[in-house]
Amino acid sequence: MSENKNLVRGYEVVIGLEIHAQILSVSKVFSPSSAAYVSTAKPNSQVSYIDAAYPGMLPLINEHCVYQTIKTGLGMNAKINRISRFDRKSYFYPDLPSGYQLTQLFTPLVGEGVVEIDLKDGSTKKIRLERIHLEQDAAKLVHDLEPGYSAVDLNRAGMGLMEMVSKPDLSSAEEVAEYVQKIRSIVRYLGTCDADMSQGSMRCDVNVSVNKPGRPFGTRVEMKNVNSIRFIQQAIHYEVNRQIDLIEKGETFPQQTRGFNSDTGETYLMRLKENAEDYRYFPDPDQLPLEVTEDYIAAIKKSLPELPDAKKKRYIAAGIPVGDAVRLVRDKEVADYFDIAAKGRDVKKVANWVIVELMGYLNEKGVTITDSPIPADNLGALVGLINDNTISGKIAKDVFVLMTGEDLGKTPHEIVEKRGLRQVVDTGAIEKVVDKVISAQKDKVDEIRQGKVQLLGWLVGQCMKESQGKANPAMLNEILKKKIGI
Amino acid sequence: MTVYITKLEPKIPAGAFTVSYKDLICTKGIRTTAASKMLENFIPPYSATVYERLEAKGYINVGKVNHDQFGMGIASTNTHFGAVKNPIDPTVSVGGSSGGSAAAVYEGSCRASLGTDTGGSCRQPAAFCSVVGYRPSYGAFPRYGVIGAASSMDTVGIIANNVSDVCRLYNDMIGKDVRDPTSVETPKAIFKPVSLKGVKVGLLKEFESVDMAPEIAADYKQVKEKLKAAGVTFVDVSIPHMKYGEIVYPVIFASEVFSNLTRYDGLRFGHRSTEGKTIEDIYFNSRAEGFGQEVKHRILLGASLLSQKHYKICYEQGLKVRRIIRDEANAAFDQCDVMISPTVPTLPFKLSDMGKKDLSSQDAFVMIAAMVGCPALCIPTHPIGKFKGSLQMMTKAFKDPELFNIAAAVEEMFKVKK
């Protein structure tokens with residue numbers, strides 16, 4: 001049972017996640033004001049009278065936000081509810097102009113679903129989704145603009161959010177990281193959210209409890225506003241141990257909401273649940289029930305692209321190792337790049353080159369794969385040149401570097417020809433090189449013959465140098481050993 | 001007599017149709033106060049759909065009239081701008097909440113007035129001022145730009161001198177507006193008073209138990225006799241669960257009002273208190289200073305009704321019971337062409353009785369239309385002293401055109417020969 005693997009000091013860890021994902025759309029979910037780049041636009045420049053809750057203004061549902069939410073639900077194998085309603089969640093706070101948020105407490109648009117996560121050991125685990133509902137985001141408060149004042153930026157007020165609530169199926173910080181990554185992948189594949197946690201277009205609330213195996217769930221603690229996967233893992237590690245410490249001391253603790261201090265790595269109390277607000281939920285009388293037809297849902301389903309899990313399965317069936325397949329499908333841009341590069345080529349090798357060489361280079365330079373200096377088919381061609389023995393793996397690495405710099409834009413074939421990098425596979429030519437080196441290094445050769453086999457590598461290196469790196473390594477090795485007599 | 005909060009002196013072309021507007025209806029560039037200190041200086045940057053439509057058709061706006069603030073009241077005394085007096089007799093109530101509209105039409109400063117009717121707010125004042133009052137089918141007139149009270153029951157109403165004017169305004173105001181999700185397309189009305197012969201007039205069994213003032217009862221009896229003489233057939237109908245409306249209506253009303261008024265917090269528009277430093281101070285003081293007593297009572301009641309403890313058995317249950325009442329009402333409407341009743345069980349009550357006598361029966365006849373979303377039109381009947389009786393007529397939802405034509409025929413019976 002995977003649960004037992006995740007015991008912390010003998011305790012089971014139970015985690016549920018609520019993810020708020022900002023919907024990619026032209027307008028906000030209930031108003032026609034712009035939904036573009038709300039986190040960076042000039043303050044209060046994308047606000048309608050509906051967003052500002054002026055007298056007599058009525059929220060108007062944006063069909064595209066409904067579409068995006070259904071699409072997301074279908075991407076998570078979830079049930080789409082044909083009829084749903086919007087509810088008012090009331091509280092007073094300056095980031096909520098109307099004094100109520102439109103959400104879907106009683107009847108969500110999307111019901112139960114499943115998200116499969118990829119674990120480090122290559123296995124998968126199904127995490128059940130409770131629901132996805134549509135709701136409004138709140139405005140942004142800025143506290144450091146003027147001393148003694150808080151400023152309100154309404155650009156974000158009324159932005160569409162999909163709230164994805166998981167069942168408490170997650171058992172460790174690592175599983176949570178994989179789950180968040182998978183959600184991120186899926187919504188980015190679907191184009192329903194850009195899932196940029198640093199900009200706040202995707203935010204996670206984490207609910208954590210611990211219990212001894214076989215015992216009921218422990219007291220749940222909610223952690224809010226943890227805005228990176230790394231911090232989420234840190235927060236979970238800290239919180240789990242904090243709870244266990246209390247339990248071991250024989251202490252109890254109440255349900256509560258905590259924040260995470262990323263500087264200290266500790267969680268801190270924000271409020272107790274018993275002091276939580278009564279939100280006075282009731283169905284919004286200004287909205288008609290949302291009804292979607294089977295045809296509407298079917299059309300969206302038909303339009304879905306190949307999703308990460310399906311793509312991953314396809315890659316594994318083609319022979320790519322599980323870990324590589326997982327890595328490739330995480331971002332659609334990487335998978336798309338790989339598909340082009342691997343067409344008609346050695347998929348396993350291309351996979352390795354994309355993940356290790358290309359992504360390594362791009363990550364170092366802070367460049368995304370869409371801005372890769374090496375186009376996909378050129379990378380694929382490079383791998384092709386290795387496979388047909390035109391160049392060695394080592395020379396290929398040199399060509400790679402040239403393709404990002406001096407020979408930017410050239411095909412690998414052009415570079416190999418221009419610079420005369422073709423591998424030498426002519427036995428005679430190699431034998432000549434080997435003979436030359438052996439005669440120059442007679443004493444080293446003797447030492448090797450007497451048992452100092454570790455010097456062989458150095459000798460190979462000398463032969464390589466002599467051949468300007470162009471000798472086929474396997475052939476060189478064989479010929480050298482034969483000539484030495486080992 | 002504070003009929004107008006903002007009186008305009010427009011040029012009135014010959015033959016133009018003048019209209020005044022209850023100050024819950026937003027008029028771009030013209031102060032719209034909700035008769036409240038909360039919005040006493042609010043100048044909307046947009047107009048209500050109904051206003052846009054009438055302006056476009058050449059109706060002339062003569063001003064914004066006074067009313068019970070935010071639509072809460074039965075006497076137009078809950079206003080920041082001085083109570084509206086009954087133009088017929090200043091010692092009695094003008095009715096509410098659209099008292100200013102009724103007074104303005106009676107005194108002739110406008111040919112008609114747009115008010116709002118959430119639970120009788122156009123009809124009771126119309127009855128008290130001996131003029132015509134009308135509440136449309138819910139959804140017929142878009143609510144965009146109308147300051148909201150109880151969303152699921154708010155309508156823009158019309159107070160006028162005759163059914164023909166109501167019909168004309170109806171045609172110029174209807175049409176679905178995408179800016180109001182609850183607005184619907186409704187049929188245009190062709191004004192053609194019917195012959196009353198053979199018209200089936202529904203008499204609601206549940207209205208029989210309403211305690212009426214003797215003059216009202218006498219007037220109503222006479223009306224029925226006149227109708228009988230004109231050849232109508234009376235049909236007994238029933239809405240068995242109607243009595244629960246007495247609880248359901250105020251529950252739904254207060255709950256929705258609480259929520260629609262949370263936006264008045266002093267931050268983005270409206271009254272902001274100068275007292276206090278923290279956000280809680282601003283909220284608390286702005287709302288305490290800005291809202292009248294009746295409004296505060298209703299907000300507090302609504303907050304309690306919607307609390308987690310009460311929600312299920314109050315608001316949620318209220319919605320379900322309202323649905324039952326509506327279904328029963330529709331079944332009753334299917335048995336007749338029109339349902340009638342007096343508009344109010346009393347003549348205009350003495351202002352001195354307020355706070356002393358139980359005035360809760362004021363909405364006994366008018367509430368049902370609010371509960372079921374059907375249209376209701378009331379016309380003055382016989383003189384009763386300085387006042388007149390008032391007959392309410394209702395049809396099934398979206399049969400407003402039929403209602404006008406029946407009401408116009410009935411109206412003929414009471415036309416005063418000049």
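Keep in mind as you go that this is a predicted model. Start by selecting B:T33, which sits in the loop of chain B between strand 2 (18–22) and helix 1 (49–56). Is B:T33 buried or exposed? Its relative accessible area is 0%, so B:T33 counts as buried. Now show side chains: those of B:T33 and B:D23 make a polar contact at 2.6 Å. To see who else is around, leave out the neighbours within four places in sequence; B:T33 is then in contact with B:I5, B:D23, B:L39, B:E40 and B:F81.

Next, hop over to chain A and pick out an open sheet of three strands, ordered 4-3-14 with antiparallel pairing. Strand 4 (100–103) and strand 14 (282–283) of chain A are the edges, each pairing on one side only. Zoom in on strand 3 (residues 87–90) of chain A: two bridges tie it to strand 14 of chain A. For one pair to click, take A:R88, whose bridge partner in strand 14 of chain A is A:F282.

Last stop: strand 7 (residues 140–146) and strand 8 (residues 149–153) of chain A, which run antiparallel and are joined by four bridges. Select A:L141 and you'll find its bridge partner, A:V152, in strand 8 of chain A. The hairpin these strands form has two residues between them, and there A:G148 takes a positive phi near 85 degrees.

Definitions and conventions:
Residues numbered from 1 in each chain as written. Chains lettered and ligands numbered in written order. Predicted model: local features only at pLDDT ≥ 70, side-chain atom pairs only at ≥ 80, totals over all residues. Heavy atoms only, no water. Buried < 20%, exposed > 50% of the residue type's maximum accessible area, 1.4 Å probe, protein only. Polar contact = N/O pair within 3.5 Å; in protein donor to acceptor, adjacent residues only side chain to side chain. Contact = heavy atoms within 4.5 Å. Pairing = 2+ DSSP bridges.
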